[in-house]
Amino acid sequence: MAEPALENLYREGRSFPPPPDFAAAATVNDTAVYAQAEADVEAWWESHAERLRWTRRWDTTCVWQPPHAQWFVGGQLNVSDNCLDRHVDDGHGDQVAYHWEGEPGDTRTLTYAELRDEVSRFANGLRQLGVAKGDRVAIYLPMVPELPVAMLACARIGAIHSVVFAGFSSQALVDRIDDADASVLITADGSYRKGAVVALKEAADKAMAATDRITTCVVVRRTGADVPFTAGRDHWYDDVVAGQSSDCPPEPMDAEDVLYILYTSGTTGKPKGIVHTTGGYLTQVAATHRLVFDVKPDRDVYWCAADIGWVTGHSYIVYGPLANRTTSVMYEGAPDHPAKDRFWDVIERYGVTILYTAPTAIRAFMKWGPDHPGRHDLSSLRLLGSVGEPINPEAWMWYAEHIGGGRCPVVDTWWQTETGAIMITPLPGLTAAKPGSAMTPFPGVKAVVVDESGQPVAPGGGGYLTLQRPWPSMLRTLWGDDERYRETYWSRFGPDVYFAGDGAKLDDDGNLWLLGRVDDVMNVSGHRISTTEVESALVDHPAVAEAAVTGRRDELTGQAIAAFVTLRGTARATTHSPPSCAPTSPSASARSPGPPTCCSPRTCPRRARARSCAACCATSPRGASSAT
């Protein structure tokens, strides 16, 4: 019998249906939505595209010539118009688009009308500087309002933006400028991080000295630092927008025109320029944002606590929320400055109702302890989300209990820079979510876990996560390197099957569990074990906040497991002998109401029902329960 592609060692039996009052008011609360989408996938995506404002309706919904897809072919629209003007024209100009807060405590509030006017002025300023449709503009900014303004201004005139995370080095900026052949750079004099000023313009100057491509640099005043200027090349943002008209008609864009390039790491060391286009991308980010977060634009205050430099920020701080007329919070700094309760203070003051953040942050909050959120009124929250990596069940539970107060559904989402939008997720009004599971594909998405030969695995099995149907927000190619696009994503299982390198498993109910990158899989005595599952088992321990696991060479087993563990709060490490698989005494075992001492509750194959180590270990495949 062939070995499984990935071992399935971790089981989670708890599930949490949505509260009845939440489900009753949810935008989606009928499971028939999945069947409706599956019955006619193109009609499903058309129904979401029709919620946008098109200057010309499309002729063909989808053209699929593997591995290339085109969506809403022949249609025309403008992303900036859909995110701003459409709402102002509908009478919502006074609604807040962004509550912005800087790390030092300075604040700004931008309504939809104010944001539209600022975007139009900057778009006109860019045109005056010579930026035209199709030009590439690199954006190297901290989390300030000028960042979404710059993105939307580019979208308004048809320029292609390439946002570079402001924490990246000058060399990373050079690599992205050169690959995109960008001629314009938008940056800032500096930014704030944990009370210190980061010299952003200095890094930008180093980058511009290392490439001859940048002819124009626009600099936002953020810190007031005295920065050098190169005459003829450098311009203050304030000077660029001064005197510009707030009237800037949006450029009509074909649905397949490029909206942005976003670079992600490549195995060869050369970043991959992920290309996203206009109509399909906006359709899916708007649809997923509205349904996954159950957004009520007239009353929700939504906070995606990511950085816009990553795809999460593109899709769920800028384009998705603005397309859905959402009021958002945008925060510049670190979650622990000036104190470890900064997030909870922000939520309390702005009345945040939806929070979307990363498991890494959640585990940091766990480490700092529940006292910090406990000092704040978080009763405004009604929905929690997780993004960026698989979330371990104990972090999920901590998040639900200490941040959500046990009343908020938690949506754990899987997607990638390449997919553009959420692909696998609970729907909060109808899914009984399991801690740590992304659950099921979004309606219309076909996600399949396959084995080495590309065949679907049965429930209970592990393998490779593939996408086997085109979707509107999918990447179209890699900028300037279509061959690498084919080889990277469409070669492992065939030209019509997308595989980006993630492992996954199906539980006995058919729900999806992400296991991280397959290059993070360890091969121990012939068993392919995901680092994610071992990390989850370690974090099950009540004293453990975070764990990182990797494989190391071992002469006996090929690879052995090496684990790095961070403890919660004041917990201290102790040294003791490994537990025996036999209980200390029959009477002790009989008296114990919980799982046997050799098992973690979450790794016990019998889900903590065993009343003796003998019973537990006898049912454990390959002794998995005692391995931790």
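Predicted model: local features only at pLDDT ≥ 70, side-chain atom pairs only at ≥ 80, totals over all residues.
Residues count from 1 along each chain as its sequence is written, and side-chain values use heavy atoms, without hydrogens or water. Local features need pLDDT of at least 70 and side-chain atom pairs 80 or more, while totals for chains, interfaces and linings use all residues.

**Strand S15.** Select residues 272-277. Strands are DSSP E runs of at least two residues, helices H or I runs of at least four, numbered from the N terminus. 6 of the 6 residues are buried, so S15 is largely enclosed by the rest of the structure. Buried means under 20% relative accessible area (1.4 Å probe, protein chains only). Lys-272, Ile-274 and His-276 point one way; Gly-273, Val-275 and Thr-277 point the other. In a regular strand, side chains alternate between the two faces of the sheet. Tyr-260 stands opposite His-276.

**Helices H6 and H11.** Select 146-157 and 311-323. Their axes, lines fitted to C-alpha atoms over the stretch in contact, come within 11 Å and cross at roughly 60°. Show Pro-148, Met-151, Leu-152 and Ala-155 in H6; they meet His-314, Val-318, Tyr-319 and Leu-322 in H11. Contact means heavy atoms within 4.5 Å.

**Asn-511.** Go to the loop between S23 (502-506) and S24 (512-517). Asn-511 counts as buried because its relative accessibility is 10%. Beyond residues up to four places away in sequence, Asn-511 touches Lys-434, Ser-437, Met-439, Thr-440, Lys-505 and Leu-506.

How values were computed: Buried < 20%, exposed > 50% of the residue type's maximum accessible area, 1.4 Å probe, protein only. Pairing = 2+ DSSP bridges. Axes fitted to C-alpha atoms, helices over the stretch in contact; angles between N-to-C directions.
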